[in-house]
Amino acid sequence: MVTTPDPAPGEGPVRPVSVSLHEGTIAALKARTGKRGMSAYVEALIQRQLERDRLRELIEDAEAEHGSVDQAAVEAKRAILRGDAANSADAA
């Protein structure tokens, strides 16, 4: 028997689901998206959160294998990306 893998986030057919939200959240959502844009907005939010969750998992796995990130090295690399040569001398 051939099994089809579950679709990735953002793939596969669209189908309705029921979620419970606070009235204030619904009002803010409708104000931002209009009544007909709510599904697309919520879909995008969920996809973004799933990406963040997966990224956090990858970071945790890498830290478990290689140890914690050296924050000084991170800041030095950020300085290079910003073009802040005064703070990037140690990063090169």
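Trainee: What makes V42 count as partly exposed?

Mentor: The relative accessible area of V42 is 28%. Buried means under 20%, exposed over 50%, and partly exposed in between, with a 1.4 Å probe and protein chains only; V42 is therefore partly exposed. This is a predicted model, in which local features need pLDDT of at least 70, side-chain atom pairs count only at pLDDT 80 or more, and totals for chains, interfaces and linings use all residues. Residues are numbered from 1 along each chain as its sequence is written, and side-chain values use heavy atoms, with hydrogens and water left out.

Trainee: Why is A44 called partly exposed?

Mentor: A44 has 36% relative accessibility, so the label is partly exposed. A44 lies in helix α2, residues 38-66, and V42 lies in helix α2 as well.

Trainee: How do you know that the length of α2 agrees with its 29 residues?

Mentor: The expected span is 1.5 Å times one less than the number of residues. For the 29 residues of α2 this gives 42 Å, and the end C-alpha atoms are 42 Å apart, so the two agree. After α2 comes G67, with a positive phi near 95 degrees.

Trainee: Which elements make up the chain, and in what order?

Mentor: The chain has three helices and zero strands, running α-α-α from the N terminus. Helices (H or I, at least four residues) and strands (E, at least two) are DSSP runs, numbered from the N terminus.

Trainee: Why is the chain called more spread out than a compact globule?

Mentor: The globule rule is 2.2 Å times the number of residues to the power 0.38, and the radius of gyration is taken over C-alpha atoms. For 92 residues the rule gives 12 Å, whereas the chain has 21 Å, well over that value, so the chain is more spread out than a compact globule. The C-alpha trace spans about 55 × 50 × 20 Å along its principal axes, and 7% of the 92 residues count as buried.
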